[in-house]
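Subject: Structure handover

Hello,

The structure you asked for is below, with the sequence. My notes on it follow.

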Amino acid sequence: MQNSQYEQQYKKRVIDFFDNRYSYDNDYTIHRALPLLDLVQLQKGQKVLDMATGTGIIAIAVSQIIGSEGKVTGVDISSGMLAQAQQKIEELGLQNIEIIEADAEYIDFNDESFDVILCSTAIVYFKDIPAALRKWYRFLKPGGVIGFSCCSEQSCEAPLIIEICDKHSIFLKNINEPTGTPEKCHHLLAVAGFKDIKVKTQQLGFYRNLEQAKEWNGGWFHPRENPLLQVSSEQMVQLKAEYRQKIEAEATEQGAWYENMTFFVTGRKV
């Protein structure tokens with residue numbers, strides 16, 4: 001399969017996944033997003049770009065900080081997510097937010113257009129993270145700030161799925177690998193030209209209901225490859241069964257632990 005063809009199919013799966021999340025906003029998603037704003041120190045009147053804005057959790061919070069003299073531009077590939085964002089924007093009567101339905105990885109803006117660029121938890125979905133960061137550097141004004149968040153390689157269900165598939169000679173790459181440590185996050189920003197780089201680490205893990213935790217739909221996100229697309233339905237049944245067994249074996253009285261070590265990363269264009 002050609003890479004471009006795979007990428008189209010991958011992006012469609014991402015769109016379908018997020019379009020179907022009709023009640024995305026909850027205590028967890030909000031608590032996971034907003035700490036980024038504590039690190040960037042927004043000012044009245046700034047121009048802010050929110051990449052992969054989703055339901056606008058970050059964009060709406062930003063709009064209320066920067067005031068009527070400022071402007072937030074939110075970009076997302078999911079029309080379903082943006083419909084939720086637009087509804088909230090209208091209900092709040094906000095006039096300083098523009099939302100754009102587009103692939104955040106490929107959209108272009110003029111050089112030095114923004115004071116701040118943010119991307120909450122979505123940078124790992126990009127096929128070429130270094131290229132995205134170089135573009136964002138170009139979009140920023142001198143002295144502008146970038147802020148993104150991501151989680152460790154050991155977070156979410158990925159390590160367990162990789163472990164199970166590995167036993168069957170199905171070798172998966174972890175979508176969180178490129179940004180999976182504070183050192184990797186720091187290096188990515190440094191290579192893109194950013195200075196004053198800081199990485200704040202926060203554990204956002206929690207215990208899940210065991211029955212919910214055991215259910216894996218066989219899905220896998222990776223912007224470059226997905227060997228599970230070639231797995232037979234019979235083998236997928238076996239993989240899911242082993243996943244359930246492993247979750248049950250590791251569960252405690254509190255439920256199944258969902259690891260989510262999150263990195264909040266900032267840098268400055270000098």
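Two strands pair if DSSP finds at least two bridges between them. Helices (H or I, at least four residues) and strands (E, at least two) are DSSP runs, numbered from the N terminus. This is a predicted model, in which local features need pLDDT of at least 70 and side-chain atom pairs count only at pLDDT 80 or more, while totals for chains, interfaces and linings use all residues. Residues are numbered from 1 along each chain as its sequence is written, and side-chain values use heavy atoms, with hydrogens and water left out.

The sheet

An open sheet is formed by 7 strands in the order β3-β2-β1-β4-β5-β9-β6, and the pairing is mixed. The edges are β3 (97-101) and β6 (195-203); each has a single partner strand, so one side of each lacks a neighbour in the sheet. On average, neighbouring strands are turned by 15° against each other, direction ignored.

Strand β2 (residues 71-76) runs parallel to β3, and 5 bridges join them. In this pair, Val 72 is opposite Ile 97 of β3. Strands β1 and β4 are also parallel, over 3 bridges, and Val 48 has Val 116 in β4 as its bridge partner. Val 116 also stands opposite Val 145 in β5; β4 and β5 run parallel and are joined by 6 bridges.

How enclosed is β4 by the rest of the structure? Of its 7 residues, 7 are buried, so β4 is largely enclosed. Here buried means under 20% relative accessible area, exposed over 50%, and partly exposed in between (1.4 Å probe, protein chains only).

Helices across the sheet

Helix α4 lies across β1 (47-51), β2, β3 and β4 (114-120), and runs at about 175° to β2. Helix α8 (residues 182-192) lies across β5 (140-151), β6 and β9 (261-268), at about 155° to β6. For these angles, axes are lines fitted to C-alpha atoms, for helices over the stretch in contact, and angles run from 0 to 180 degrees between N-to-C directions. Contact means heavy atoms within 4.5 Å.

The cores

A nonpolar core is a set of buried Ala, Val, Leu, Ile, Met, Phe, Trp, Tyr and Cys residues joined through side-chain atoms within 4.5 Å. The largest one has 60 residues, and Met 51, Val 62, Leu 118, Ile 123, Leu 133 and Trp 136 have the most contacts inside it. Helix α4 (residues 57-66) contributes the most, with 7 residues. A second, separate core has 17 residues, including Ile 170, Ala 213, Trp 216 and Tyr 243.

Helix α10

Helix α10 (residues 233-250) has 18 residues and should span 26 Å at 1.5 Å a residue; its end C-alpha atoms are 26 Å apart, which agrees. The expected span is 1.5 Å times one less than the number of residues. Which residues of α10 are buried? They are Met 236, Leu 239, Tyr 243 and Ile 247. These cover an arc of only 75° around the axis, which puts them on the same side of α10. The arc is that of the directions from the helix axis to the C-beta atoms. The face turned away from the buried side carries the exposed residues Glu 234, Val 237 and Ala 249.

A buried lysine

Lys 11 is in helix α1 (residues 3-19). Lys 11 is buried, with a relative accessible area of 11%. Apart from neighbours within four places in sequence, Lys 11 contacts Ile 77, Asp 103, Glu 105 and Tyr 106.

Regards
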